[in-house]
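Have the picture open beside you as you read.

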There are 2 protein chains.
Amino acid sequence: MSEIIPPCVILNEPQLAENIGSVARVMANFGLSELRLVRPRDGWPQERAWVSASGANWPLDNAKVYQRLEAAVADRQIVFATTARNRELRLPVMTPREAAAKLHEAAAAGQNIAILFGGERAGLETQDIALCQGVVTIPIDPKFHSLNLAQAVALCAYEWRTAVADVAPPRFKYMESPLADQAMLDGLFDHLESELDAGGFFHPPEKKPSMVDNLRAIFARAGLNEQEVRTLRGVITALSKGRGRVLEKLARKREEAK
Amino acid sequence: MSEIIPPCVILNEPQLAENIGSVARVMANFGLSELRLVRPRDGWPQERAWVSASGANWPLDNAKVYQRLEAAVADRQIVFATTARNRELRLPVMTPREAAAKLHEAAAAGQNIAILFGGERAGLETQDIALCQGVVTIPIDPKFHSLNLAQAVALCAYEWRTAVADVAPPRFKYMESPLADQAMLDGLFDHLESELDAGGFFHPPEKKPSMVDNLRAIFARAGLNEQEVRTLRGVITALSKGRGRVLEKLARKREEAK
């Protein structure tokens, strides 16, 4: 398998330098770095782009500028166009997730890939889309489909990163303490139960077994680790003995006062 | 099955009105409408928010402002916190996709749900996250993890919309007792905390905040329903007062015996 090279991002006739900078920022967020600009309205470079990139300078520093979209896509095997509108073109229409899977497959096969985005106002023309191998439609609410350019790039870049890295969802970070075993949990429940007995909690007595089961279920669901079991035993002791100690002291003082 | 009501978006201490407006815009893109602001830095309303919303005015027009995060989450059963950093809290950590699936399931069961985002500079504090039932980590490149606030909201909102569109409404088993909302959980924690204070549990005192957060995380993970919260309050009372009552009775008897 070839090395996986991420898609380059092509902006066709972008208008605002701030948006180009925001695009660079989200590219960096999701591990993309190659940016191509076709006829940026205000020319290139534009200082405001670097300002809004918030430090993600490298996509801007290395951005290539083209006068024609055909030139920008010339070295690509697979280019997908993002668009909100339906077209008459008979191209496959994909969600960002489906597109990311297809792009990943192509990149793994050593192909050069790209995602194409239209300008802020008009989006892509049909003739631009005709240069592409597929259409990506972001599932936005038809009631409000004015999607910011950088947001569109962010969603596609996020799906790319999720597809490729297949980022294993991070699990519990706090694993210094191992999960408590059943013996330890039994100790906790016995402790709790005997203190609740002393406090007259189980009433009426015939309901005790189901009350105990319900309490156990709460802590079972929580997936306690050893440290947490120790903490909860401390809680039980503080609640039952701590208050008792205070009251004992009071009682002793009362006696002494006599 | 209940009607699916999308999550509300809670911004904790947002700084820039422009970003609040951009958040409203992406909310509208993906069918979300309920926005809550906790201590917006520059006050509220701010005209610049409406400017950057590009016409998505309704989340801004109806935004509610809170002074305390506790109040903003009080009527919610499920709140997920988005954060880039790992925490010591033992809460489930999810990708945006996993979170969306869980939120969808909860909403289908009629629960009130929310996604919480921190401010631009500092993100969320551990004590804010301790109010939540889970943590959402966006899989950004560790080499450049400065993710714009509106982008973070966009990704979560996009995953929400995708989850709702994709997944056949899950058949969710109703619990006999509805899940407790945050106000009810707050009552439980306040009760526990004050009794633990009385019992001298928090030692040394400077460790109290993190001890409280860790205890909250245990019960947050357990997904308590209303009946269970009532049971646990009975447990706390039985442990703290019950034992006290027994000791008081003993002390009284001793006095009488004299």
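**A strand on the inside**

Start with strand β6 of chain B, residues 113-117, in this predicted model. Because 5 of its 5 residues are buried, this strand is largely enclosed by the rest of the structure. Buried here means under 20% relative accessible area.

Which residues sit on each side of β6(B)? On one side you will find I113(B), I115(B) and F117(B), and on the other A114(B) and L116(B); all are buried, and both faces are covered.

Now look at the partners of β6(B). Strand β1 of chain B, residues 8-12, runs parallel to β6(B) and is joined to it by 4 bridges. To find one of the pairings, look for C8(B), whose bridge partner in β6(B) is A114(B). Strand β4 of chain B, residues 78-82, also pairs with β6(B) in the parallel sense, over 4 bridges. Here A81(B) stands opposite L116(B).

Next, turn to chain A and its sheet. This open sheet has 7 strands with parallel pairing, in the order β3-β2-β1-β6-β4-β7-β5. At its edges are β3 (64-66) and β5 (93-94) of chain A, each pairing on one side only. Within the sheet, β4 (residues 78-82) and β6 (residues 113-117) of chain A are linked by 4 bridges in the parallel sense, and V79(A) has A114(A) as its bridge partner in β6(A).

Finally, find helix α7 of chain A, residues 149-165. This helix lies across β1, β4, β6 and β7 of chain A, and runs at about 155 degrees to β6(A).

Key: Residues are numbered from 1 along each chain as its sequence is written. Chains are lettered from A and ligands numbered from 1 in the order in which they are written. This is a predicted model: local features need pLDDT of at least 70, side-chain atom pairs count only at pLDDT 80 or more; totals for chains, interfaces and linings use all residues. Side-chain values use heavy atoms; hydrogens and water are left out. Buried means under 20% relative accessible area, exposed over 50%, partly exposed in between (1.4 Å probe, protein chains only). Helices (H or I, at least four residues) and strands (E, at least two) are DSSP runs, numbered from the N terminus. Two strands pair if DSSP finds at least two bridges between them. Contact means heavy atoms within 4.5 Å. Axes are lines fitted to C-alpha atoms, for helices over the stretch in contact, and angles run from 0 to 180 degrees between N-to-C directions.
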